[in-house]
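Work through the exercises below with the sequence and the coordinates open. Each task is followed by a solution in steps.

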Amino acid sequence: MSHIRAVIIAAAAGLLLTLGACSDSTGTAPDTAKTAPATPEAEPDPAEDTADEAVAAETAQLPDLTGETLQAAQDAAQAAGFYGLTSSDATGASRMQLLDRNWQVCAQAPAAGSHPTDTVVDFSTVKIEESCP
């Protein structure tokens with residue numbers, strides 16, 4: 001039993017010595033940010049700014065996809081440049097649209113028209129054999 005205590009004490013002492021070697025005279029770890037050489041800030045590239053603006057300003061024409069199957073509506077929206085797509089159950093029953101071909105689009109938000117391509121398009125759907133609310 002005393003052998004195990006001696007091993008534990010020795011391990012703890014070694015750990016304390018190791019931690020002590022990592023700290024400065026205040027007992028805290030050295031701040032490498034203070035000692036690291038300063039790097040000059042790069043000048044912003046004007047070409048990157050205009051490229052960012054072009055991406056942010058990119059718009060496309062979102063077609064009216066009501067009446068289409070959910071699969072066809074998703075395909076058409078993606079073909080128009082809209083990739084943020086979501087769908088929900090128009091009845092409010094919160095059913096999941098597992099087979100997109102079995103659902104029809106009752107409404108879409110935003111409506112058809114010109115929109116930024118990063119706009120999320122939400123399709124409100126019901127099963128094909130059901131009527132839109």
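A residue is called buried under 20% relative accessible area, exposed over 50%, and partly exposed in between (1.4 Å probe, protein chains only). The model is predicted, so local features need pLDDT of at least 70, side-chain atom pairs count only at pLDDT 80 or more, and totals for chains, interfaces and linings use all residues. Residues are numbered from 1 along each chain as its sequence is written, and side-chain values use heavy atoms, with hydrogens and water left out.

**Exercise 1. Chain overview**

Task: State how many helices and strands the protein chain has, and give their pattern along the sequence.

Solution. Step one: take helices (H or I, at least four residues) and strands (E, at least two) as DSSP runs, numbered from the N terminus. Step two: the protein chain then has 4 helices and 5 strands. Step three: along the sequence they follow the pattern α-α-α-β-α-β-β-β-β. Step four: 20% of the 133 residues of the protein chain count as buried.

**Exercise 2. The sheet**

Task: Determine the strand order of the open sheet and the sense of each pairing.

Solution. Step one: two strands pair if DSSP finds at least two bridges between them. Step two: by this rule 3 strands form an open sheet in the order S2-S5-S3, with mixed pairing. The edge strands, each pairing on one side only, are S2 (85-89) and S3 (103-109). Neighbouring strands of this sheet are turned by 35° against each other on average, direction ignored; axes are lines fitted to C-alpha atoms, for helices over the stretch in contact, and angles run from 0 to 180 degrees between N-to-C directions.

Step three: S2 pairs with S5 (residues 121-127) in the parallel sense over 5 bridges. Leu85 has Val121 in S5 as its bridge partner, and Asp89 stands opposite Thr125 in S5. Step four: S3 and S5 run antiparallel and are joined by 6 bridges. Here Trp103 stands opposite Lys127 in S5.

H4 (residues 70-79) lies across S2, S3 and S5 and runs at about 165° to S5.

**Exercise 3. Salt bridges**

Task: Find which residues are linked in a network of salt bridges, and classify each by accessibility.

Solution. Step one: a salt bridge needs a side-chain nitrogen of Lys or Arg within 4 Å of a carboxyl oxygen of Asp or Glu. The count by this rule is 2 salt bridges. Step two: Arg95 meets Asp89 at 2.6 Å, N to O. Step three: Glu130 meets Arg95 at 2.9 Å, N to O. This pair links distant parts of the chain, with Glu130 in the segment after S5 and Arg95 in the loop between S2 and S3, 35 residues apart. Step four: the network therefore consists of Asp89, Arg95 and Glu130.

Step five: classify. Asp89 is buried because its relative accessibility is 9%. Arg95, at 24%, counts as partly exposed, and so does Glu130, at 26%.

**Exercise 4. A surface patch**

Task: Which residues form a nonpolar patch on the surface?

Solution. Step one: patches take residues with over 30% relative accessible area and no salt bridge, joining like charges within 9 Å and nonpolar side chains (Val, Leu, Ile, Met, Phe, Trp, Tyr) within 5 Å. Step two: Met96, Leu98 and Leu99 form the nonpolar patch, with about 390 Å² of accessible area together; areas come from the Shrake-Rupley method with a 1.4 Å probe, and for residues only the protein chains shown count as cover. Step three: Met96 lies in the loop between S2 and S3 and counts as exposed because its relative accessibility is 64%.

Technical notes. Contact = heavy atoms within 4.5 Å.
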